[in-house]
Amino acid sequence: MSSATNLDGDQAPAPVPDDGSGEAWWRSAVMYQVYPRSFADGNGDGEGDLAGLRSRLPYLADLGVDGLWISPWFPSPMADGGYDVSDFTDIHPMFGTLADADAVLRDARALGLRVIIDLVPNHTSDQHPWFLAALAGGRQAPERARYFFRDGRGETGQEPPNNWISAFGGPAWSRVTEPDGTPGQWYLHLFAPEQPDLDWSNAEVLDDFDDVLRFWFDRGVDGLRIDAAPAMSKKAGLPDADYGGVLQFRTVDWDDNPHWDVETVHDIFRRWRAIADTYDGERVFVAEAVVSTPERLAKYLRPDEMHTAFNFPYLKGPWEATALRTVIDDTLASFAPMGTPSTWVLTSHDEIRPVTRYGRATTSSYFITDGEGEVPDLELGTRRARAAAMLMLALPGGAYIYQGEELGLPNVDDLPDEVLQDPMFLRSGGAMRGRDGCRVPLPWSGSQPPFGFSPEGVQPWLPQPASWSALTAEAELADPASMLSLYRSLLRLRRETPGLAATGLSWRPSADGVLDFDRGRALRCVVNLSPRPVSLGASTVLVSSVSLEDGVLPTDVAAWLTVG
Ligand code: GLC
């Protein structure tokens with residue numbers, strides 16, 4: 001068992017005690033994703049930070065979630081919103097210090113909240129000392145072995161070493177200028193050029209990350225979300241990829257790809273699991289893994305690898321009953337053999353916000369540009385997002401809520417081009433607007449920007465729409481019909497319903513377009529995605545996504561009921 005002492009001399013906080021149910025905490029936890037730059041600004045510079053996060057932890061405890069997943073808080077030049085890390089064992093000065101991180105962990109613990117942080121192991125920032133040393137040392141530098149430096153193809157090495165593409169558009173290789181000023185080798189970056197890929201077959205990389213894991217586990221984090229997990233291993237020899245004629249990073253369509261979901265990646269996670277298992281209190285790994293089939297995803301969740309995975313097929317599917325039922329059944333069936341609980345999720349810092357997505361004609365989001373440009377009907381989107389929240393939180397397993405989802409924030413699709421920061425926008429020459437629209441700072445209170453995110457008069461790093469005055473946490477707390485009040489009721493019921501966490505799902509016969517299931521004797525959930533109203537009979541309604549008349553569930557409405 002490990003324990004550790006923090007910088008300020010305190011003992012690392014003890015994990016939140018078990019709830020006594022005998023179920024490991026992560027098997028049914030609802031985790032709230034904090035994107036720290038946009039959550040709350042504690043020092044008044046227009047950027048969110050850890051002091052801001054700390055001050056709002058009671059809000060999260062009141063909301064009723066079980067814990068937080070904090071998007072990267074490490075030092076970073078912010079070329080990709082913090083997913084370009086220049087030091088894995090420190091805190092970005094914009095966010096605070098390690099002592100602030102310790103304070104967040106301590107306060108979260110005191111409120112009974114678990115904390116998962118975001119590890120970004122596939123790549124570093126191009127400003128990481130490892131990469132700077134690799135560049136400065138020239139062609140023969142041993143430091144280059146941590147990354148993928150290769151000579152180019154063509155007579156003068158002017159062509160990239162292979163045909164791999166970057167997630168943000170364009171080739172996955174950039175050419176360096178050697179210290180003597182000559183055009184030199186190329187390095188691999190599956191994401192932005194500012195994010196060089198690490199070579200995970202390199203022993204030093206493995207050893208250094210063991211230390212990173214221990215560093216954060218010793219400080220008391222409950223787990224790590226593993227960013228871009230399937231990217232971490234590459235096929236030996238780096239052969240060309242066959243993208244099937246579509247030069248887009250659609251990893252869900254890729255089989256036998258040389259830089260995605262390569263079998264050797266699992267060796268890394270086995271090594272990590274062995275480290276996590278030496279700690280007390282169930283420290284967990286959550287995979288970010290968009291792969292081609294549920295069977296391939298299941299491999300990441302074998303008992304000696306990761307604990308859970310973000311459920312992308314569920315997140316990305318359309319607002320359509322058959323598709324939803326299929327993805328729910330497929331998920332449960334593919335996870336059952338390993339005894340792994342599923343997670344359910346509607347959105348994240350990479351996705352279109354549900355209120356917008358469900359208000360468009362295209363309600364699926366298999367690729368970030370799906371539905372882009374369609375004008376959303378936000379009233380319809382909100383109605384569906386409320387029903388979608390009820391469905392998600394009624395399913396067995398864990399769930400993720402992305403900050404602002406509980407307020408029903410829409411995407412901000414009309415941010416001026418000059419404020420956009422996503423490398424997706426910049427690298428695609430504007431063809432993809434990217435993800436800034438779901439990262440606009442949260443509205444906390446008041447009637448005009450910055451809505452309590454920053455002190456009055458301070459402009460947040462992305463501008464908030466004036467129309468958000470009705471969507472502040474303050475306004476919604478006072479309104480029993482708000483999205484926030486709905487999330488709070490659902491989370492409270494979820495916690496207080498005896499036996500819910502431990503029961504599976506059984507479908508009831510239902511009309512076309514209607515999802516109707518029981519969770520044992522604990523709860524029944526009905527969601528009407530059909531064009532016709534559905535009668536609920538004599539059942540007792542515990543909560544519904546809009547108020548119901550005469551026991552009838554209209555289109556795009558959901559209800560939780562007692563099991564009659
Ligand atoms: C993950 C992150 C995303 C980031 C990418 C590269 O998909 O969620 O925000 O851009 O990895 O690190």
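Two strands pair if DSSP finds at least two bridges between them. The model examined here is predicted.

In the hairpin of β5 and β6, five residues lie between the strands, and G181 takes a positive phi near 90 degrees. Strand β5 (residues 173-177) is joined to β6 by four bridges, and the two strands run antiparallel. Within this pairing, S174 stands opposite Y187 in β6. Strand β4 (residues 149-150) also runs antiparallel to β6, to which two bridges join it. Here the bridge partner of F149 in β6 is Y187.

Together the three strands form an open sheet in the order β4-β6-β5, with antiparallel pairing. The edge strands are β4 and β5, each of which pairs on one side only. How is β6 placed relative to the rest of the structure? Five of the six residues of β6 (residues 183-188) are buried, so this strand is largely enclosed by the rest of the structure.

**The ligand and its surroundings**

The ligand has 13 residues around it, of which D80, D227, E288, H349 and D350 come nearest. The shell divides into three nonpolar, three polar and seven charged residues.

| Residue | Distance to a ligand oxygen atom |
|---|---|
| D80 | 2.6 Å |
| H349 | 2.9 Å |
| D350 | 2.5 Å |

On its own, the ligand has 310 Å² of accessible area, and the protein covers 95% of this area.

**Salt bridges**

Side chains of opposite charge can pair when their charged atoms come close. A search of the whole structure finds 38 salt bridges. Three of these pairs are described below.

Because R54 lies in helix α1 (residues 50-55) and D107 in helix α3 (residues 98-110), the pair ties together parts that are 53 residues apart in sequence. R54 counts as partly exposed, at 35% relative accessibility. D107 is likewise partly exposed, with a relative accessible area of 24%.

A salt bridge is also found between the side chains of D66 and R495, at 2.9 Å from N to O. This pair links distant parts of the chain, 429 residues apart: D66 is in the loop between α2 (57-63) and β2 (67-70), and R495 is in helix α14 (residues 483-496).

The side chains of R225 and D118 meet in a salt bridge at 2.9 Å, N to O. Its partners are in two strands, R225 in β7 (residues 223-226) and D118 in β3 (residues 114-119), and they are 107 residues apart. Are R225 and D118 buried or exposed? Both R225 and D118 are buried.

Salt bridges that share partners also join D80, D350, D422, R435 and R439 into one network.

Which residues other than glycine have a positive phi? M78 is one of them, with a phi of about 65 degrees. M78 is placed in the loop between β2 and α3. At 13% relative accessibility, M78 counts as buried, because the limit for that class is under 20%.

E282 is a further residue other than glycine with a positive phi, in this case near 55 degrees. The loop between α6 and β8 (284-287) contains E282. E282 is partly exposed, with a relative accessible area of 41%.

The peptide bond from P449 to P450 is cis, with omega near 5 degrees. P450 lies in the loop between α12 (423-427) and α13 (473-477).

Finally, R270 lies in helix α6 (residues 265-276) and counts as partly exposed, at 31% relative accessibility. The C-alpha atoms of R270 and P303 are separated by 9.2 Å, while the two residues are 33 residues apart along the chain.

Definitions and conventions
Residues numbered from 1 in each chain as written. Predicted model: local features only at pLDDT ≥ 70, side-chain atom pairs only at ≥ 80, totals over all residues. Heavy atoms only, no water. Near = heavy atom within 4 Å. Polar contact = N/O pair within 3.5 Å; in protein donor to acceptor, adjacent residues only side chain to side chain. Areas by Shrake-Rupley, 256 points an atom, 1.4 Å probe, with all protein chains shown as cover. Nonpolar A, V, L, I, M, F, W, Y, C, P; charged D, E, K, R; others polar. Salt bridge = Lys/Arg side-chain N within 4 Å of Asp/Glu carboxyl O. Buried < 20%, exposed > 50% of the residue type's maximum accessible area, 1.4 Å probe, protein only.
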